[in-house]
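Reader: I have the sequence and the model open side by side, and I would like to go through them with you. Could we start with how you use the word "buried"?

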Amino acid sequence: MKYGFLFGAGAEIAYKLPSGGKFALDIFRQDTTGPKQRFKNMRDAVDSTTAYASQWLPKDYLGKNINTFGKSVFQNIIMSTVEHRRGQIVKKVNNFDDVASWIAGKMNGEGMDVDQALQKLLGREVSNIQLDQIIQYNEAFKKGNKLFESNYFSALLMLYRDKTDEPGRQILGRILISIMQLQLGALSEDLSRSINDNLFSKKDERIDLFDDFGELIKLNYNAAGVSGLELLLENPEINTSTPYGVVLYFAQQLIEDIYASVLDYKSLIDSNWHYLYNPSSDWAKFCKIAIFLLTVHQYITELGDKADKYIADGYYNMLRKSLNEGKYEASAIATTNYNKIIEEILGADYPITYLNGSVAVWYDPYLNKVGSARELESNEHHIIVPLLFTQSGTKPMTSISMSVKYVDMYQKWKNSDAIVVVGFGFGTDDEHINGILRTLVNDDGKDLIVITLKHEKSAEKESREIAKKLKVSDHKKVKVILVDKDGKVNGAPWTECLD
């Protein structure tokens with residue numbers, strides 16, 4: 001059998017790497033001193049007598065200030081999060097006890113008993129605490145009242161109310177209000193959209209004056225979660241030697257998990273990528289997006305260096321074992337991840353296609369050219385950036401080298417018996433990849449084998465949901481294999497369950 005392989009962020013959890021919003025939060029916590037200096041070095045290396053310097057860069061570019069993103073971008077991130085992920089936010093917060101139970105269990109394994117700490121502080125078990133009879137939202141926001149039915153959120157509110165002398169009370173209050181602000185922001189966005197889209201219960205379509213009504217009701221995004229993001233980036237250290245400290249740390253982990261699961265950090269790239277092409281007129285914004293990408297590069301590189309690449313149960317390690325044993329053949333292996341862990345584990349015999357760029361690939365916006373840093377700087381020094389988040393900018397995709405890689409990978413997948421997808425979410429941000437998979441299934445008749453973690457959904461339900469995301473007409477073409485946290489099915493590695 002010959003398989004094509006696609007790996008997403010979920011395939012790297014075993015290597016202790018973060019994914020999604022946790023990745024974003026960590027990036028914003030990074031010290032930008034190193035990336036800023038790297039940018040300065042590239043700027044200083046530019047030959048000021050070239051056309052690049054005189055026509056692409058602004059006049060006196062050597063003397064201009066160099067800026068980085070600050071807290072002013074938080075509102076835009078929260079705005080995009082509330083606008084585009086409001087459904088996810090409401091669902092996440094409404095299922096507060098599920099999140100809390102998972103975190104409490106994790107902390108219990110680290111020697112911190114959250115339930116015991118709460119019982120000691122409040123005098124009763126968490127399961128016997130609910131505040132929905134005494135706290136309810138306005139009728140317009142009744143969908144959010146499930147939060148007050150939550151045992152854990154009710155316990156945290158009661159702790160804030162009753163333990164007024166605790167030194168960590170202010171932090172606990174900020175955490176609780178931030179969670180509620182994010183929830184209310186999502187509910188308010190739904191309400192304002194409903195009103196703005198349906199201002200009239202009846203209207204005469206021939207009267208075009210009605211078309212001129214814009215958004216009369218707008219949400220204050222500063223009050224919809226910015227303070228929570230600021231708190232997370234402050235990341236205050238908490239002493240867990242007391243019951244109150246254990247609960248406070250628990251609350252901190254809760255808000256981080258909630259924000260990390262919904263945060264739309266890619267909006268920052270979407271709204272700023274194009275400034276890479278206008279340094280002469282938008283130097284400050286050019287600096288900000290370039291240094292941000294350099295910061296991301298630094299963070300991913302450091303994570304890759306720390307990753308445990310030699311654990312036997314890693315997805316890549318299991319694949320290498322099966323390929324080396326000749327159990328089947330790999331037509332093409334692709335990844336949406338940016339680090340080189342997969343390449344380092346699989347070795348030179350199995351070349352990797354990086355669909356979203358990688359830490360080894362750089363981009364010259366002046367020439368719209370992709371290559372290694374050495375290749376791009378071999379002729380003339382320009383300010384270049386790591387090629388990351390390519391789904392957020394269409395111009396890098398027009399680079400001929402990237403186009404060739406995509407076409408080559410598609411052709412190899414097309415000549416496979418099936419495509420195996422591991423740890424990939426089929427999200428809307430990945431439509432450039434979804435489109436290839438859709439074509440392979442709908443037009444080329446290929447089967448998808450999706451490896452995903454076992455939870456409450458059956459393989460059949462997962463298959464239908466993935467087919468719906470991909471816009472695949474026949475869900476039976478999507479075979480789902482449910483694996484445990486170690487990537488195994490009844491003790492057998494996922495690589496032995498493909499047939």
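Author: Buried means under 20% relative accessible area, exposed means over 50%, and partly exposed lies in between, with a 1.4 Å probe and protein chains only. By that rule Arg 43 is buried, because its relative accessibility is 10%.

Reader: Before going on, what sort of model is this, and how are residues numbered?

Author: This is a predicted model, in which local features need pLDDT of at least 70, side-chain atom pairs count only at pLDDT 80 or more, and totals for chains, interfaces and linings use all residues. Residues are numbered from 1 along each chain as its sequence is written, and side-chain values use heavy atoms, with hydrogens and water left out.

Reader: What pLDDT does the chain average?

Author: The average is 88, and 90% of the residues score at least 70; pLDDT is the predictor's confidence in each residue, from 0 to 100. Among the elements of the chain, the lowest mean, 74, belongs to helix H1 (residues 20-28), while strand S7 (residues 418-422) has the highest, 97. Helices (H or I, at least four residues) and strands (E, at least two) are DSSP runs, numbered from the N terminus.

Reader: Back to Arg 43, then: which residue does it form a salt bridge with?

Author: Its partner is Asp 44, with the closest N and O atoms 2.9 Å apart; a salt bridge here is a side-chain nitrogen of Lys or Arg within 4 Å of a carboxyl oxygen of Asp or Glu. Asp 44 counts as partly exposed because its relative accessibility is 46%.

Reader: How many salt bridges are there by this rule?

Author: The count comes to 17. Among them is the one between Lys 92 and Asp 257, whose closest N and O atoms are 3.0 Å apart. Lys 92 lies in helix H5 (residues 86-94) and Asp 257 in helix H12 (residues 243-262), so this pair ties together parts that are 165 residues apart in sequence. There is also a network of salt bridges linking Lys 321, Glu 325, Lys 327 and Glu 496.

Reader: And Lys 485, buried or exposed?

Author: Lys 485 counts as exposed because its relative accessibility is 72%. Its side chain meets that of Asp 486 in a salt bridge (3.7 Å, N to O), and Asp 486 is partly exposed, at 31%.

Reader: Changing topic, how many disulfides does the structure hold?

Author: It holds zero disulfides, a disulfide being a pair of cysteine sulfur atoms within 2.5 Å. Cys 287 is buried, at 0% relative accessibility, and Cys 497 is also buried, at 19%.

Reader: What about the strands, say which ones pair with S1?

Author: Strand S1 (residues 2-7) pairs in the parallel sense with strand S2 (residues 329-335) over six bridges, and five bridges join S1 to S7, again running parallel. Two strands pair if DSSP finds at least two bridges between them. Phe 5 has Ile 333 in S2 as its bridge partner, whereas Leu 6 stands opposite Val 421 in S7. Five of the six residues of S1 are buried.

Reader: And in what order do the three strands of the open sheet run?

Author: The order is S5-S4-S6, with antiparallel pairing. Strand S5 (369-371) and strand S6 (385-388) are the edge strands, each pairing on one side only. Strand S4 (residues 357-364) is joined to S6 by three bridges, and Tyr 363 has Val 385 in S6 as its bridge partner.
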